[in-house]
Amino acid sequence: MPVMADRSPALRIITSAARESLKPLGLAQRGRSRVWIDDHGWWLGVVEFAPPRTAGSGLHVGAMWLWHDVDHLAFHAETARTGPELFRAEDQFTPLALELGRRAAAEVTVLREKFPALADVARYLTARPLRRGFLWESFDAGIAAALVGDTDTARDLFERVLREDALAPWMVEAQEKARELHVIAADHDAVTAWVARAVDSCRSKLGLDPVLLAIS
């Protein structure tokens with residue numbers, strides 16, 4: 001997800017609305033962009049006031065698991081995706097932006113209540129129906145299961161990742177990670193250390209401050 005800045009009236013209005021709704025919850029704006037983050041150490045709540053092709057704003061809210069160790073923000077578990085509200089004039093768009101800000105705050109609260117601890121994330125990820133071709137779903141669920149000590153489930157999920165046809169370099173890389181995790185799945189300390197290294201690397205790539213991780 002690119003983090004870009006513009007100086008349009010729509011951005012100014014949506015930024016003001018976001019500040020009103022999200023700053024009191026402790027979220028931080030990414031520079032001067034339309035993206036706000038709710039930092040939980042090993043995962044992020046991500047709010048994007050996605051721009052349409054013309055002026056205005058939509059809304060996209062979800063969670064990102066930082067064990068993916070990537071240099072861009074992503075949505076790994078979505079709670080909301082709202083179509084764009086178009087900007088025609090400041091007095092027309094302002095109440096729409098305020099409502100988007102309130103909706104964003106409500107969805108951030110939903111995420112916080114849904115994922116208060118690792119065990120809740122693990123239950124959510126392992127309960128989802130598994131879909132062939134959705135490699136990351138099995139990968140994420142496998143990591144969460146291993147972190148909470150459910151070794152058999154973790155290994156089954158990593159094996160699902162390994163059975164996928166690796167049709168692109170990123171899939172090969174994902175399978176290499178899954179193979180490594182499959183080997184250490186029964187060693188809770190080793191899995192935790194693997195995840196901590198990945199999270200620390202991801203935070204660095206995203207320009208987030210280092211934290212003393214408590215993956216629990």
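This is a predicted model: local features need pLDDT of at least 70, side-chain atom pairs count only at pLDDT 80 or more; totals for chains, interfaces and linings use all residues.

Trainee: Okay, which domains is the protein divided into?

Mentor: Domain 1 covers 9-115 and domain 2 covers 118-185; such bounds come from an automatic or database domain assignment. Taken over C-alpha atoms, their centres are 28 Å apart.

Trainee: What area is buried between domain 1 and domain 2?

Mentor: About 920 Å², with carbon and sulfur atoms giving 70% of it. Buried area is the accessible area (1.4 Å probe) that two parts lose on being put together, summed over both. On the domain 1 side, Trp-67, His-68 and Phe-115 lose the most area to domain 2, together 55% of what that side buries.

Trainee: Switching topic: at what angle do H4 and H5 pack?

Mentor: Helix H4 (residues 135-147) and helix H5 (residues 151-163) pack at about 160°, and their axes are 8 Å apart. Helices here are DSSP runs (H or I, at least four residues) and strands are too (E, at least two), numbered from the N terminus. Axes are lines fitted to C-alpha atoms, for helices over the stretch in contact, and angles run from 0 to 180 degrees between N-to-C directions.

Trainee: So are they roughly parallel or antiparallel?

Mentor: That angle makes H4 roughly antiparallel to H5, a label used for angles over 145 degrees, while under 35 is roughly parallel, 65 to 115 roughly perpendicular and the rest oblique.

Trainee: Which residues of H6 and H7 make their contact?

Mentor: Helix H6 (residues 169-184) and helix H7 (residues 188-205) pack at about 150°, with axes 8 Å apart. Lys-177, Glu-180, Leu-181 and Ile-184 of H6 meet Ala-190, Val-191 and Trp-194 of H7.

Trainee: Last one: what is the phi of Asp-69?

Mentor: Asp-69 has a positive phi of about 50°, although it is not a glycine. Most residues other than glycine have a negative phi. Asp-69 sits in the loop between strand S4 (56-65) and strand S5 (77-86).

Note on methods:
Residues are numbered from 1 along each chain as its sequence is written. Side-chain values use heavy atoms; hydrogens and water are left out. Contact means heavy atoms within 4.5 Å.
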